[in-house]
Amino acid sequence: MEQSEQQADPKANFLYRLRHSLAHIMAQAVLELRPDAKLAFGPPVEFGFYYDFDFQGNPLGENDLQEVENRMRRIIKEKQPFESSHQSLEEALRALESASQTYKVEYAQELVELGKAGEEGLSFYTNGPFIDMCEGPHLEHTGEVPKGCFKLDRISGSYWRGDEKRPMLTRIYGLAFESKADLKDYIERRKLAMERDHRKLGDELDLFCMDQEVGVGLPLWMPNGAVIRDELEQWAREEEFKAGYQRVSTPAITRSKLFERSGHLPYYADSMYPPMTVDETDEYYLRPMNCPFHHKPYDARPRSYRDLPFRLAEYGNTYRYEKHGSLAGLLRVRAMCMNDAHVYCTPEQVEQEFQAIIDMYRMYYNHLRMGNFRVRLSLHDPDSDKFIGNKEEWLRSEAIVREVMQRMEIDFDEESGEAAFYGPKVDIQVKNLLGREETVSTCQLDFVMAERFDLGYVDADGARKRPFIIHRAPLSTHERMISFLIEFYGGAFPTWMAPLQVMMVPVNDQVREYAENLAHTLRQDLFRVEVDSSDESFNKRIRNAVTHKIPNIWIIGAKEMENASITWRRYCVKEQLNVGVAQAHEALRKMRQARMMDNFEDVALPVEG
């Protein structure tokens, strides 16, 4: 069985042992039904466990999972102890070959060749009649499995060792948590996550599409999705302007020499699109990141300490050749537009600049109400040759970032080996609806690229010195950020960001012209508004607006027309308000200007009494 890394805290460690034990229990139950099945790998994984089987032409199906579960419960009641033992390679191979476990034979030989077998030989665990090559750990006995804590989930195909040229196996997945209540909570959250999946909502709300003729991982933004992109970008432009950033625009293609100089090619070549040969000798690449391009405008003019900090920002299009199997809607794509910026500053300015950037991150995430997020300080690994620079430079730059975080009283965890190759970074880790953690955005302190690109500034003493460079992208890429927002909001965006901000619903034809005139007035003020003048019933038109998650529905009848008012219904609030037209228009302006998060119930409309 594959060995997964154990987590340090006791609760996580129990969960690991529980899931590991359940994988063995499931394999034992499956072998009772299919004695000739061959075993492959069966590790504990996030949210549960799985085991891969070769059923030799006599597979189990989804309808068999209940019977496997019943047998697992019987095994659990027997309180079979998990007993550890060791065998030499010769002994292990004889036992595995006699049981026709060809996949285990291959893995056992590999472990010995790689020197991963201990001095005592290969590790095995036995519970009841079942024995498996495994390093553990497990529960003391099967009876320690909490009642109702697991459920077999689904069956899928999986290639042996993930190689499509190797045999196709059957993978049985199980869910497992510390209690029945935790399992139920996860299943409910998963159902919500499926309902809010950004791919599903992206299609229903007409936000983006993918096209095989264009290519996998290359999203096409529909008009509705383009609105959300534009609103996020406009917000960033305003905040960056107030923070002293200057905007640049740089090409998405470059000669290979640029990425050779930056050092990206040795580390990221596999994630870059292949080079294009131009003029027979020159090779050009689509850029996977913007960083080297921003160093060029900085270096285009002589710089003095008086010019620093020098802040350059760009929403830059980048391209990365992600593996086909890792692509996932907007979350992981091959074409993306990044909220990128680079700050060039003196050593004396770096802490203040880094703090200002972290404040900007905190402002964005708090305003968007993206829930609790974890901050990770990603450090270098001194034993890895990935990280450029000497030990003193790494320790100095890591200390700067650590002190800023501590001064700002930001809770953070440190993880070795997760830094960029040119410096430490702060990663913003956000949990999705299932509780799985994803890196949404980063902020990096770079002490390498100024040297590589010979960037400098003349200091007050007349000496030429190297600037520090801070890389930051608080709003991540449009693609990744919007995928998170779709799921967090369930597709219901606040007024300022919503593709359609107001839907006018006239009660009858007599008030339709009045509604059209109101809509025209709002459009002249650059509000996105439509009038539903379809032949559907009034109630159906209201339901349609709700289904499309339009934040504001303005209902207009004879009384509203007579009083120059509207009845205002918000997407997330049951209560309706009757508001004068002028007052309603002004309220919309305030909501847009303040970028109010009125897709939450606790945000009141800015109208008087």
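Student: What is the pLDDT over residues 1–8, and how many contacts beyond four places in sequence does the model have there?

Tutor: pLDDT, the predictor's confidence in each residue from 0 to 100, stays under 50 over residues 1–8. For these residues the model has 28 contacts beyond four places in sequence, a contact being heavy atoms within 4.5 Å. This is a predicted model, in which local features need pLDDT of at least 70, side-chain atom pairs count only at pLDDT 80 or more, and totals for chains, interfaces and linings use all residues. Residues are numbered from 1 along each chain as its sequence is written, and side-chain values use heavy atoms, with hydrogens and water left out.

Student: What does the protein chain average in pLDDT?

Tutor: The average is 91, and 98% of the residues score at least 70.

Student: Which domains does the domain assignment give?

Tutor: Domain 1 covers 2–194, domain 2 is made of 236–250 + 302–488, and domain 3 covers 502–593. Such bounds come from an automatic or database domain assignment. The contact between domain 1 and domain 2 takes seven residues from domain 1 and four residues from domain 2. The C-alpha centres of these two domains lie 40 Å apart.

Student: What is the area buried between domain 1 and domain 2?

Tutor: About 530 Å². Buried area is the accessible area (1.4 Å probe) that two parts lose on being put together, summed over both. Carbon and sulfur atoms give 60% of the value here.

Student: What makes glutamate 46 and arginine 436 a salt bridge?

Tutor: The definition asks for a side-chain nitrogen of Lys or Arg within 4 Å of a carboxyl oxygen of Asp or Glu. For glutamate 46 and arginine 436 the closest N and O atoms are 3.1 Å apart, so the pair is called a salt bridge. The structure holds 49 salt bridges, and the count between domain 1 and domain 2 is one.

Student: Which classes of residue does domain 1 have on the side that touches domain 2?

Tutor: That side has four nonpolar, no polar and three charged residues. Asp, Glu, Lys and Arg count as charged; Ala, Val, Leu, Ile, Met, Phe, Trp, Tyr, Cys and Pro count as nonpolar; the others, Gly among them, count as polar.

Student: Where do the two partners lie, and which parts does the pair tie together?

Tutor: Arginine 436 forms its salt bridge with glutamate 46. Arginine 436 lies in the loop between strand E19 (425–431) and strand E20 (437–446), and glutamate 46 in the loop between strand E2 (44–45) and strand E3 (48–54), so the pair ties together parts that are 390 residues apart in sequence. Helices (H or I, at least four residues) and strands (E, at least two) are DSSP runs, numbered from the N terminus.

Student: What is omega for the peptide bond from glycine 136 to proline 137?

Tutor: Omega is near 0°, and the bond is cis. Proline 137 lies in the loop between strand E6 (130–133) and strand E7 (150–159). Another cis peptide bond joins leucine 308 and proline 309, with omega about 0°.

Student: What is phi for aspartate 206?

Tutor: Aspartate 206 has a positive phi of about 60°, although it is not a glycine. Its place is in the loop between helix H6 (198–204) and strand E9 (208–209).
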